[in-house]
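Please read this briefing alongside the sequence and the model. It takes up backbone angles, strand pairing, salt bridges and surface charge in turn.

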Amino acid sequence: MKCRDKQIGFSLIELLVAMVIFTVGLLSIAGLQAVAKKSNYESTQRTSASHIAYGLLEEMRANGDGIDTYLAAPDLGGGVLGDTPPVTCNNAAAPCNGAQKANYDLWFWEQVLDGEHETGAEGAAGGMLAPTLCIDGPVGGGAGIYTVAVAWQGPISMANADISDCGAGAGKYGDGDAFRRVLQVATFIDPSI
């Protein structure tokens, strides 16, 4: 005798369970994509900060005569240095002195920091979010440890290590500087060499 009550195919409950599992899987993939985008953005910002800090330190190392000008500079970022300096040190017929070279270097690296070398229809398209660059070194500009710190705004709030006070308390990085990120690079420079 054959049993006619034997079920063939899927029931509605089985189909709903499969749809829930599939949906949870798709939502997990979307969440993973969002986390990956934030991490990629954070990595790009840190790489840019590193490039800028090391680049400026190398300019300082090569221009020992202008070391006091670098140290006297205000915190860079947001176009505080204004337009192109009057002496750009690009003319081999009329070379510039150490202070003029330092002023040009500071202006150039601020342009990189602010993203002025990458422009779109609405202005600067590159650069970092709310950047600040700070330079510190021995009083009097002699041989010693010089540091360049770069601060910027990160995408999420996190505890911030106090490796540098660069940009701290400026009101650019959320309540209590919760979104502030800082990269600091230090090196020994002897301006007399």
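**Loops, strands and charges**

A130 has a relative accessible area of 22% and is therefore partly exposed, where buried means under 20% relative accessible area, exposed over 50% and partly exposed in between, computed with a 1.4 Å probe and protein chains only. The model is a predicted one, in which local features need pLDDT of at least 70 and side-chain atom pairs count only at pLDDT 80 or more, while totals for chains, interfaces and linings use all residues. Residues are numbered from 1 along each chain as its sequence is written, and side-chain values use heavy atoms, with hydrogens and water left out.

**Positive phi in loops**

- A130 is found in the loop between β2 (123–124) and β3, and its phi is near 55°, a positive value in a residue other than glycine.
- D177, in the loop between β4 and β5, likewise is not a glycine and has a positive phi of about 55°, but D177 counts as buried because its relative accessibility is 12%.
- Most residues other than glycine have a negative phi.

**Strand pairing**

- Strands are DSSP runs of E with at least two residues, helices are runs of H or I with at least four, and both are numbered from the N terminus; two strands pair if DSSP finds at least two bridges between them.
- β3 and β4 pair in the antiparallel sense over five bridges, and I135 has V148 in β4 as its bridge partner.
- β4 and strand β5 (residues 180–189) run antiparallel and are joined by 10 bridges, with R180 in β5 as the bridge partner of Q153.
- Strand β4 (residues 144–153) is largely enclosed by the rest of the structure, because eight of its 10 residues are buried.

**Salt bridges**

- Four salt bridges are found in the whole structure, each being a side-chain nitrogen of Lys or Arg within 4 Å of a carboxyl oxygen of Asp or Glu.
- K101 and E59 meet through their side chains in one of them, at 3.0 Å from N to O; this pair links distant parts of the chain, with K101 in helix α3 (residues 98–114) and E59 in helix α1, 42 residues apart.
- D105 is buried at 3% relative accessibility, whereas K101 is partly exposed at 26%.

**Surface charge**

- D75, D136, D162 and D165 form a negative surface patch, a patch here joining like charges within 9 Å among residues with over 30% relative accessible area and no salt bridge.
- D136 lies in strand β3 (residues 132–136) and is partly exposed at 48% relative accessibility.

Terms used. Patches are made of residues with over 30% relative accessible area and no salt bridge: like charges are joined within 9 Å, nonpolar side chains (Val, Leu, Ile, Met, Phe, Trp, Tyr) within 5 Å. Accessible areas come from the Shrake-Rupley method with a 1.4 Å probe; for residues, only the protein chains shown count as cover. Lys and Arg count as positive and Asp and Glu as negative; His and the chain ends are not counted. The place of a charge is taken as NZ of Lys, CZ of Arg, CG of Asp or CD of Glu.
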